[in-house]
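Hi there,

Here is the structure I said I would pass on.

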There are 2 protein chains.
Amino acid sequence: MRAEIITIGDELLIGQVVDTNSAWIAEKLNEYGIELYQITSVHDSREHIIAALDEAFSRADIILTTGGLGPTKDDITKHVLCEYFGTHLIEDVRVRAHIEQLYANRPEVLNRLTATQWLVPEKAEILENRVGSAPLMVFHHGKQILASMPGVPYEMKVAMEEQILPYIGRATANIIHRTLQVTGIPESSLAILLEEYEASMPSTLHLAYLPKDGIIRLRLSSYGDLSEDEMNHWFNELKHLTKEYLIAETDEPLEVIVGKMLTERHQTIATAESCTGGKLAALLSKHPGSSAFYYGSVVSYDNSVKEHLLEVPAEIIKAHGVVSEEVVCIMAESIRKQIGTDFAIATSGIAGPTGGSKTKPVGTVWIAWATPDGTTAECFQLGKLREQITDRACMKALVKLIKLLN
Amino acid sequence: MRAEIITIGDELLIGQVVDTNSAWIAEKLNEYGIELYQITSVHDSREHIIAALDEAFSRADIILTTGGLGPTKDDITKHVLCEYFGTHLIEDVRVRAHIEQLYANRPEVLNRLTATQWLVPEKAEILENRVGSAPLMVFHHGKQILASMPGVPYEMKVAMEEQILPYIGRATANIIHRTLQVTGIPESSLAILLEEYEASMPSTLHLAYLPKDGIIRLRLSSYGDLSEDEMNHWFNELKHLTKEYLIAETDEPLEVIVGKMLTERHQTIATAESCTGGKLAALLSKHPGSSAFYYGSVVSYDNSVKEHLLEVPAEIIKAHGVVSEEVVCIMAESIRKQIGTDFAIATSGIAGPTGGSKTKPVGTVWIAWATPDGTTAECFQLGKLREQITDRACMKALVKLIKLLN
């Protein structure tokens, strides 16, 4: 079964908003064994939406649209869908009751624009939007279906999980993806290492290389032709060939892997961050259950914080600079001792664009890992761009932690 | 002049990667007066790429493709473009010299897969890819052009800024977008407030509502028909009508606005975060120059950190709970005093999915602002979803800070 996404909204096409919805939907469709064939982003324009619908219906069984369902004048999706499917708007008493109920708990009054939200296309099936006022609409077009959802990510996610996916039902196709993560080898060297393996793979098996922030994810995909056992065989072979560089046997983010390892062992961690500025803390506290292993951080963006809260002696900073092995080790040991965790990670580096020197150029990052068995530190050169440097520093910090935990 | 983007890569269609490139390119094209008509994401498949090229060439003057240029087997863009434009690969001596130069400074050896990167389509113009080994290719198709770039965001950005945009040149159209940000009013009430204004707008002017995390961005767009003066007139009128809810007169992220205000006044800020777990610190330290005003944070994810590093007395936590006005005020005052900044913000809340109670359900967040004139705190109900709650808490923290600074 084949699906397409049409995202509707000028904001995506002038770059005001990054489309995170499509990747999320794509992942869910995959889990359900539904192939996502294409993503198309179009303007809030009648002609453009209609052209995109025509094209998508010529290729796919399921069309998912996001956006253009707000109560304001710029949102036209509902009206265009009415025209496209030859129907008109009628009041839906259940949607009306739901919206009135939503507003019963809100300070603001239900006004006449919000009231237009309970006008729905007569020919559409209306599914419940538990968290918002825009109706979820499903249209049938012969054997094909179109589902229209809001563009607000939180609303779209609840709509997909609670309504649209169960509606579509589990498809029969047996798509299998298996991913592992490696680090410490360039992409082209990895490809040469795997050349014979790739040449010997059945033609229905596909291997993709996905490099990001110093990690390469290797994804094996089979679209319905291989059994679970055959897939395991190929995946195990891949693990074996890459074992020297292997950091994870799943596609889970590294902070989730770290969290599982620590939680299982009843161990805890804290962080002391300079150049990463809280990014590592935000990563480690991102997922539910993180309070079991993550205790906290001191973000010492200013040097005074390093001295006062992390007890780094001013003379050490003066002698070695803040971006140094000495400072980062004291930061890690100090936070580990103060918070009383099993592990601690500290970062100090030059994220740029200014602050670099000949001996410590922008991109230089020292990271220290304080453990029950002592402290180690490493220096990295992580590129030239601020965001890249701090993202990569977080990955380096987690990669080494996973190695220390293994 | 009209452009389209075609992103090439299975990873986008199975949701393994979020497409951030398109929004970035869209913004740049707009600055250059080039309208982006559509974004299409397709598989690493010969037939699919060719179909997308045919469709895009039927609509646009400029086609920009990203992705599929790596040295590995799954990347086929270069070969498909050769076929599409009826040409073949030849060795390019300049590209070869550049790649050899790149590898002269790297620890790894230049292997034979990387060597395929200096094979380029004979009919393409090759532009320099200063930061990577994939060639930047420009094809001519009558008066239309196609430019092919790598999908790695850092490489794509350098390619666009240094090569592709100067190559394309600025169009004459005067595309103007002006955005302001409001808060404290629901989208539909705002639309009613602006009903007369919208009805009186010239038909070439467009108003869009973009709600996110409790902030609504209002964007006025004109595609080449209005003068700067006329646009200012309409924008000023919009500011006047929304003045009660206005939080920013630009599209800049709130943390950038806060940073500019503080830097201008030579004032500083620190944070103490519980439920936001470092997200607020990461926001405040995200942009270049943040070290001028942002000093640091204590992320007190575990209660022991609140007691030891933020000096919140255990009996206060026992009496009021960690999610309380009392605790959050002490957190803010303690970090402000310890780090010695002008302002401090503290957060404590229940991000869920567990930990809620009848009186303090998931989504309850206390925020305190410690200032030179004293400390205030507010309690918010920020929804049901972990990510939504912490994102909204950061926005609430910054909104009130901007109000306090004004």
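**What I found**

In chain A, take the contacts between residues at least 6 apart in sequence: 64% of them join residues at least 24 apart. Bear in mind that this is a predicted model.

The chain has 16 helices and 17 strands, and its C-alpha trace spans about 75 × 60 × 40 Å along the principal axes. Of its 406 residues, 49% are buried.

Next, a helix pair. The axes of α11 (residues 254-265) and α16 in chain A come within 10 Å and cross at roughly 30°. That angle makes α11(A) roughly parallel to α16(A), and the crossing is left-handed. On the α11(A) side, the contact is made by A:L254, A:E255, A:I257, A:V258 and A:M261. From α16(A) come A:M395, A:L398, A:V399, A:L401, A:I402 and A:L405. Sorted by class, this contact has 10 nonpolar residues, 1 charged residue and no polar ones.

Now go to the loop between β17 (374-381) and α16 (386-405) of chain A, where you'll find A:G383. Is A:G383 buried or exposed? It counts as buried, because A:G383 has 20 C-beta neighbours inside 10 Å. If you skip the neighbours within four places in sequence, A:G383 is in contact with A:G363, A:Q388, A:I389 and A:R392. A:T364 is 19 residues away from A:G383 in sequence, and their C-alpha atoms are 8.2 Å apart in space.

There are also some backbone details to check:

- A cis peptide bond joins A:G352 and A:P353, with omega about 0°. A:P353 is in the loop between β15 (343-349) and β16 (364-371) of chain A.
- In chain B, the peptide bond from B:G352 to B:P353 is cis, with omega near 5°. B:P353 is found in the loop between β15 (343-349) and β16 (364-371) of chain B.
- A:D213 is not a glycine, yet it has a positive phi of about 50°. You'll see A:D213 in the loop between β10 (205-212) and β11 (215-223) of chain A. It counts as partly exposed, because A:D213 has 17 C-beta neighbours inside 10 Å.
- B:H266 is not a glycine either, and has a positive phi of about 55°. Its place is in the loop between α11 (254-265) and β13 (269-273) of chain B. With 9 other C-beta atoms within 10 Å, B:H266 is exposed.

Cheers

Definitions and conventions:
Residues are numbered from 1 along each chain as its sequence is written. Chains are lettered from A and ligands numbered from 1 in the order in which they are written. This is a predicted model: local features need pLDDT of at least 70, side-chain atom pairs count only at pLDDT 80 or more; totals for chains, interfaces and linings use all residues. Helices (H or I, at least four residues) and strands (E, at least two) are DSSP runs, numbered from the N terminus. A residue is buried if 20 or more other C-beta atoms lie within 10 Å of its own, exposed if 12 or fewer, and partly exposed in between; C-beta atoms are placed from the backbone. Two residues are in contact if their C-beta atoms, placed from the backbone, lie within 7 Å. Axes are lines fitted to C-alpha atoms, for helices over the stretch in contact, and angles run from 0 to 180 degrees between N-to-C directions. Angles under 35 degrees count as roughly parallel, over 145 as roughly antiparallel, 65 to 115 as roughly perpendicular and the rest as oblique. A crossing is left-handed if the near helix is turned anticlockwise from the far one by less than a right angle, and right-handed if clockwise. Ala, Val, Leu, Ile, Met, Phe, Trp, Tyr, Cys and Pro count as nonpolar, Asp, Glu, Lys and Arg as charged, and the others, Gly among them, as polar.
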